[in-house]
Amino acid sequence: MRILVVTVVHHPEDARILHREIAALRERGHHVVYAAPFAARGTTPRPYVEGVDLPRAAGRDRGAALRAARALLAERGPAVDVVLLHDPELLLALPGTLRRLRRTGPVPVTVWDVHEDTAAALVMKSWVPRLLRPPLRGAVRTVERLAERRLRLLLAEYAYQDRFRMRHPVVPNLATPPADPPPPPGDDRVVYLGQLSRARGALDLIAMARLLAPAVRVEAIGAADPDVRDALAAADREGVLRWSGFLPNDRALARLSGALAGLSLLHDQPNYRHSRPTKVVEYMAHGVPVVTTPTPLAAELVERHGCGLVVPYGDPPAAADAVRRLAGDAGLRLRTARLGREAAVSELNWLHRAAEFVDRLEEWVKEETAGAAVTADAAGPGPSRRSAAYGGVEQGTEFPYDRVEGT
């Protein structure tokens with residue numbers, strides 16, 4: 001298959017998009033065209049994908065990115081079997097675009113990969129005026145319901161199923177454990193991996209680092225939201241913690257090995273109540289004890305597998321105490337690291353689910369191709385206007401998403 005993967009929001013090195021899904025597609029021999037905001041994020045496409053640069057959608061500045069995505073879909077759509085969309089914003093680029101594709105050539109199977117609870121995430125966006133948040137949540141729910149009737153959906157969490165009327169396959173954010181056993185956790189360094197924001201505990205991380213220094217060093221790896229960048233940069237200059245900024249996933253994961261603990265200090269926000277922090281699974285896979293706030297899915301993992309400690313929301317002293325407890329108890333440290341690693345290898349291993357993801361896309365293409373063949377047969381003899389190489393809707397067949405042109 002030829003697959004067009006599109007994002008205008010996520011970093012081009014996003015672990016789910018590049019290091020899990022695209023890697024799985026390539027492993028099966030499929031060709032990937034990856035459209036993402038490479039230049040805006042200061043990176044370049046990996047040599048094993050065909051990269052297309054798009055503008056970045058950030059804050060209220062989303063028009064240019066959507067126009068570029070719409071043009072890309074119109075240009076590249078006829079040449080691919082699958083379009084895999086990773087942002088809810090991209091749903092707005094579909095009406096009209098798919099109708100034009102139907103008129104001029106084959107329409108690819110179009111898939112929306114649902115990464116988060118979009119409506120809940122709006123509450124946390126500082127660029128969205130408070131008065132607009134309730135109506136926007138309602139509008140998002142409406143668009144989601146329309147999308148599930150007209151597109152194929154993949155969900156990143158089982159809990160996201162509750163937002164939709166129909167059942168959709170789940171492609172969870174799991175880890176790829178290192179093949180070799182990781183080194184035992186040390187006693188003088190803790191690591192945070194992921195986007196840094198107020199709601200993700202960036203300021204709590206700084207406060208905790210001040211309490212732990214100099215006995216334990218705190219290392220933060222990840223890009224930061226504008227409202228916490230200055231605080232992180234100042235803490236780094238002062239030697240309170242080390243902030244390395246964004247690192248590609250493979251380089252970032254290499255920094256986990258040997259850490260005393262991995263930190264997840266999320267606040268109690270609606271968008272986090274239904275999501276399992278991927279960083280927690282990554283810590284487990286690399287043999288690193290977990291210190292997490294009690295977001296439901298993270299706390300459930302830690303308590304069920306005995307792989308770390310749960311601390312209260314917004315309580316840097318409690319987080320610092322948990323780190324000190326691990327630092328001072330080698331038996332606890334080694335036991336939690338071992339149990340987390342075992343669970344990640346046996347139950348939370350992306351290698352066990354990658355084939356299911358690729359199988360699902362291949363099945364959808366086969367279903368669409370078979371449907372197109374039936375349509376062509378019913379129309380009588382003559383050349384089909386839908387090549388068997390493409391999985392989508394025959395030319396002349398109504399594509400139902402066109403009925404929401406004004407969405």
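This short talk walks through the fold, the charged pairs and the aromatic pairs of one predicted protein model.

Before the details, a word on conventions: residues are numbered from 1 along each chain as its sequence is written, and side-chain values use heavy atoms, with hydrogens and water left out.

Let me begin with the overall picture. The protein has 14 helices and 13 strands, where helices (H or I, at least four residues) and strands (E, at least two) are DSSP runs numbered from the N terminus. Of its 407 residues, 54% are buried; here buried means under 20% relative accessible area, exposed means over 50%, and partly exposed is in between, with a 1.4 Å probe and protein chains only. If we take contacts, meaning heavy atoms within 4.5 Å, between residues at least 6 apart in sequence, then 70% of them join residues at least 24 apart.

Leu18 is buried, with a relative accessibility of 1%, and, leaving aside neighbours within four places in sequence, Leu18 is in contact with Pro12, Glu13, Ala23, Tyr34, Arg46 and Tyr48. Between Leu18 and Val49 there are 9.6 Å in space, C-alpha to C-alpha, for a separation of 31 residues in sequence.

The whole structure holds 22 salt bridges, each being a side-chain nitrogen of Lys or Arg within 4 Å of a carboxyl oxygen of Asp or Glu. One of them joins Arg20 and Glu282 at 3.2 Å, N to O. Because Arg20 lies in helix α1 and Glu282 in helix α10 (residues 278-285), this pair ties together parts that are 262 residues apart in sequence. Arg20 is buried at 5% relative accessibility, and for Glu282 the value is 5%, which also counts as buried.

A second salt bridge is formed by the side chains of Arg255 and Glu219, at 2.6 Å, N to O. Arg255 sits in the loop between α8 (249-254) and β10 (261-264) and Glu219 in strand β8 (residues 217-221), so that parts 36 residues apart in sequence are tied together. What we have here is a partly exposed Arg255, with a relative accessible area of 22%, facing a Glu219 that is buried, at 2%.

Asp321 is partly exposed at 47% relative accessibility, as is Arg324 at 39%. Finally, Arg2, Glu50 and Arg76 are linked in a network of salt bridges.

So what is the nearest side chain of opposite charge to Asp204, which is buried yet has no salt bridge? That side chain is Arg198, 8.7 Å away, with Lys and Arg counted as positive, Asp and Glu as negative, and His and the chain ends not counted. Asp204 belongs to helix α6 (residues 202-212), and its side chain makes a polar contact of 2.8 Å with the side chain of His267. By polar contact I mean a pair of N or O atoms within 3.5 Å; within protein, one must be able to donate a hydrogen and the other to accept it, and residues adjacent in sequence count only if both atoms are side-chain atoms. Not counting residues up to four places away in sequence, Asp204 touches Leu265, His267, Gly314 and Pro316.

I will close with the aromatic residues. The structure contains 3 aromatic pairs, a pair being rings of Phe, Tyr and Trp (its six-membered ring) with centres within 6.5 Å, where planes under 30 degrees apart count as stacked, over 60 as edge-to-face and the rest as tilted. Trp112 and Phe164 have ring centres 6.5 Å apart and planes at 80 degrees, so this pair is edge-to-face. Trp112 is buried at 1% relative accessibility, and Phe164 is buried at 7%. Trp350 and Phe357 form a tilted pair, with 6.5 Å from centre to centre and 45 degrees between the planes, and both residues are buried.
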